[in-house]
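Reader: Please take me through a model and show how its features are read.

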Amino acid sequence: MLIFRQLFDKNSFTYTYLLGDSKSREAVIIDTVYEQSTRDCSLIDELGLQLIHVVDTHCHADHVTGAWLMKHHLDAKINISRHAGVEGADNGLVDGDHIKFGSRYLQVRETPGHTSGCVTYVLDDETMAFTGDALLVRGCGRTDFQQGSPSMLYQSIKTKILTLPNSTKIYPAHDYDGVTVTSVAEEKEFNPRVGGQSSQKDFVLYMNSLGLPHPGKIDVALPANLNCGRPKNGRITDELPMWGPLKKTFAGVWEIDAEWVLENLSEVLLLDVREHDEFEGSLGHIVNAKQIALGSLANRVGEIDTQTPVVTVCRSGARSAQAIFLLQQAGVTKAANLSGGMLRWRDRGYPVVGGAS
Ligand SMILES: N[C@@H](CCC(=O)N[C@@H](CS)C(=O)NCC(=O)O)C(=O)O
Ligand SMILES: [Fe+2]
């Protein structure tokens, strides 16, 4: 079975696609965004996938790709068109190449015109095509920079994309109105630029009259993307806090493993957000923990020292996850949830004060 997720970056209106083979757990990710790497790594981890390939549909002009960072974190191979002119990719793709993940693959179709190095990735059974900015929902990518060419884009769309089965679902790299998917049949009929009876001349004249301002981030994005998103000095600038081995869940909560907490009890403030009777009840509590029930936390947050890392604790790790959001809102940034809560702490046989044996 195919595992499929569509993810969205609300700053650049970019869609990122994760595809995995449920049996082998191997996965590929298409068009990542640098600032979303933590999110993407968390989802891959929570779904139990192993990222084999990170692929880009083209050298983006509006956001920095997460390709280099994903490779750094997960040891995946970087793939982009050989014609994209970028440095640092593991595989320079050409028409007809296959990108394999488990028993599945994506077929590479060169679809230049938005840029000279644009490709469309077609799933092995032709049920899905990832068109990048070649074909958007009721639109298409601009053709006024990066060796763009409206006549070339027209040919790419007509001969490489709209020749797929009518039922093929089309997933674009962007949609500025939040539309998530379309199909070959729909775009053949309703795309205002290439659909219906529109000729190449109609298309070229349409595209030459767009008059769009350049993307706001082009001066940052292009040089970075010419190096697959590697920062200039090779230093990572994502959001990982450094006070402990933290992991961010896909739900957006920083978590810390119980073993590290046990070994570093004197370095952290343990904040137990259970009710007082639970704190003194059968599960017991961790030594030196401060008890403030979740319901009172917003009012009592001033009692918490913002310099010391805070580890929030509850029965299962659920209420203490909500406590993380409250602490962050109050400016306590060094805070992480004890993953698994008191239940896991006790399962592992770690020491508690009070509680039933
Ligand atoms: N306002 C956006 C514009 C982004 C933009 O120009 N996007 C390109 C794709 S990289 C495009 O082809 N857009 C098509 C359109 O806006 O119709 C920004 O500043 O980033
Ligand atoms: Fe683009």
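The dialogue below goes from domains to strands, helices and a ligand.

Author: This is a predicted model, in which local features need pLDDT of at least 70 and side-chain atom pairs count only at pLDDT 80 or more, while totals for chains, interfaces and linings use all residues. Residues are numbered from 1 along each chain as its sequence is written, and chains are lettered from A and ligands numbered from 1 in the order in which they are written.

Reader: Into which domains is the chain divided?

Author: The bounds come from an automatic or database domain assignment. Domain 1 covers 2–225 and domain 2 covers 247–347. Their centres, taken over C-alpha atoms, are 41 Å apart.

Reader: How should I read strand pairing?

Author: Strands of a sheet pair through backbone hydrogen bonds, either parallel or antiparallel. Strands here are DSSP runs (E, at least two residues) and helices are DSSP runs (H or I, at least four residues), numbered from the N terminus; two strands pair if DSSP finds at least two bridges between them. Strand β1 (residues 2–9) runs antiparallel to β2 and is joined to β2 by eight bridges. Gln6 has Tyr17 of β2 as its bridge partner. Four residues lie between the strands of this hairpin, where Phe13 takes a positive phi near 60 degrees.

Reader: What does β2 pair with in the antiparallel sense over four bridges?

Author: The partner is strand β3 (residues 26–30), with Leu18 opposite Ile29. β2 and β3 also form a hairpin with four residues between them, and Arg25 in the turn has a positive phi of about 70 degrees. For a parallel case, take strand β4 (residues 50–55), joined by three bridges to β5; His53 stands opposite Lys77.

Reader: How many residues of strand β2 are buried?

Author: In a regular strand the side chains alternate between the two faces of the sheet. A residue is buried if 20 or more other C-beta atoms, placed from the backbone, lie within 10 Å of its own, exposed if 12 or fewer, and partly exposed in between. In β2 (residues 14–21), eight of the eight residues are buried, so the strand is largely enclosed by the rest of the structure. Thr14, Thr16, Leu18 and Gly20 point one way, and Tyr15, Tyr17, Leu19 and Asp21 the other. Strand β5 (residues 77–81) is mostly covered, with four of its five residues buried.

Reader: Which residues of helix α6 are buried?

Author: An α-helix has 3.6 residues a turn, so residues three or four places apart point the same way. In α6 (residues 218–225) the buried residues are Ala221, Ala224 and Asn225. They cover an arc of only 90 degrees around the axis (from the directions between the helix axis and the C-beta atoms), which puts them on the same side of α6. The face turned away from that side carries the exposed residues Asp219 and Pro223.

Reader: Which residues surround ligand 1?

Author: A residue is near a molecule if its C-beta atom, placed from the backbone, lies within 6 Å of it. The shell of ligand 1 includes Ser12, His60, Asp62, Asp133, Arg142 and His174. Its residues divide into three nonpolar, six polar and three charged (Ala, Val, Leu, Ile, Met, Phe, Trp, Tyr, Cys and Pro count as nonpolar, Asp, Glu, Lys and Arg as charged, and the others, Gly among them, as polar).
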